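Have a look at the picture first, then read on.

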Amino acid sequence: MSAVIKAISYYLPEKTLSNEQLCAIFPNLIPDDIVKMTGIKKRHISAPDEIASDIAYAAGEQFFEEHPIEKAAIDFLIFISDALDYKGPTTACILQDRLGLPKTAGVLDSLAGCAGFVYGLSMAKALIESRQAKNVLLLTADMPTKVVHPEDYELRMIFSDGGAATLVSASENESGIGDFVFGTDGSGAKNLMTHYSGARQPITKEWLEKHKDADGMKHGMMKMNGSEIFIFTLKVVLPMVKELLQKAKMEMGDIDLFVFHQANGFLLNVLRRKMKIPEEKFYVYLENCGNTVSASIPIALKEAMKEGKAKKGDKILLASFGIGYSWAGTIITL
Amino acid sequence: MDINNFIKELEEEFEEVEANSLKPETSFRDLPEWSSMHALIVIALVDIQYDVLLTGNDLRSCETISDLFTLIKKKR
């Protein structure tokens, strides 16, 4: 028994923010420089009343429109996001009802960021291989633009809202999702954090007042120490990739495609050069949607499939890293 | 390891800097183009070419390209 990625769909909010629009707000920026630095041309911005679970719902609906899969077949739903609806109930319960999934399905929320998709695959595989579920719908969605301060151009350049729906199913004769490598270093938590977003720092009247020009920053405010995050990534990603290859008894050349968390173009290019991965084996999909946090890998995978760069039977190495610090990787056979 | 090679690599990475304009005694942080992005470019280049991961403090402790080169040799 193995767990296989059967199909992916994704949804991006309609409204976009182009480099030209950003440069009109921040005259110190130049569109070509933004592309050079980040690899991004536009980001998607959720509507004021559209939150992460709405994005996940749209991705889910899109999934059942695009693929001939019955809702009745789904026996487990996992929702992964940095922005849950409530402290209770579980957001996945609400999504089960909205999507019309069976009442016999199990559900689970997991609060996770950039490493969230790979974590979700690990949970889905565990549920399937232990025969607790056959068809796991994994929804990964986020709304980072709601926690970025309007004056923080560095974060506005990078982050985009988006969501993906990935079906992981049981299979008797395919190899599917392989072994995982995980890593955690909570000492880096302070370097990428959404402040005033939970029990440790509840929102106060003073906070809302202080940020009244930014709608109170009522979902909290993300702060990033870019150079620390950059150095952390250079430190952990290569050892993770080496360990994944070792576990799978493979070499770099055995991998058909590398799909990393689409953090930003500059960082991805540095990682690719450091690992000496040829450009044609290193998939980047950032231009159109920026860094969509836990949705970035499935969005890139879907685009790679559409382009014919990821084909049935291909060995694809997934590597995710970010907020936490948290990192996770796996090698999948499509 | 040769400092002239290192300078050539730096000039290639810094698109705005002309070839043969950097010297061992150049104070890299005083370059008119220098920005926080360039600090990341230096960290990335040194990591890729020399397998040495510099920290922000390492960079701040260096004045000239020659200082930087000495530090990389020491950390290797």
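Chain A is split by its domain assignment into domain 1 (2-172) and domain 2 (178-184 + 227-333). Keep in mind that this is a predicted model. The C-alpha centres of these two domains of chain A sit 18 Å apart.

**Where the domains of chain A touch**
- On one side there are 37 residues of domain 1 of chain A, in contact with 34 residues of domain 2 of chain A.
- Several elements of chain A each bring at least two residues to the domain 1 side, including β1 (2-11), α2 (31-38) and β7 (162-171).
- The top contributor to that side of domain 1 is α5(A), with 6 residues.
- Sorted by class, the domain 1 side has 19 nonpolar, 12 polar and 6 charged residues.

**Where chain A meets chain B**
- Chain A puts 9 residues into this contact, and chain B puts in 11 residues.
- On chain A's side, the elements giving two or more residues are α8 (226-247) and α9 (265-274).
- Of the elements on that side, α8(A) gives the most, with 5 residues.
- Chain A's residues here come out as 5 nonpolar, 1 polar and 3 charged.

**Two helices crossing in chain B**
- Helix α1 (residues 3-13) and helix α4 (residues 65-75) of chain B have axes that come within 11 Å and cross at roughly 110°.
- That's why α1(B) and α4(B) count as roughly perpendicular to each other.
- The crossing of α1(B) past α4(B) is right-handed.
- Ile3(B), Phe6(B), Ile7(B) and Leu10(B) of α1(B) make the contact with Ile65(B), Ser66(B) and Phe69(B) of α4(B).
- This helix contact has 6 nonpolar residues, 1 polar residue and no charged ones.

How values were computed:
Residues numbered from 1 in each chain as written. Chains lettered and ligands numbered in written order. Predicted model: local features only at pLDDT ≥ 70, side-chain atom pairs only at ≥ 80, totals over all residues. Axes fitted to C-alpha atoms, helices over the stretch in contact; angles between N-to-C directions. Helix = DSSP H or I, 4+ residues; strand = E, 2+ residues; numbered from the N terminus. Parallel < 35°, antiparallel > 145°, perpendicular 65-115°, else oblique. Left-handed = near helix turned anticlockwise from the far one by under 90°. Contact = placed C-beta atoms within 7 Å. Nonpolar A, V, L, I, M, F, W, Y, C, P; charged D, E, K, R; others polar. Domains from an automatic or database assignment.
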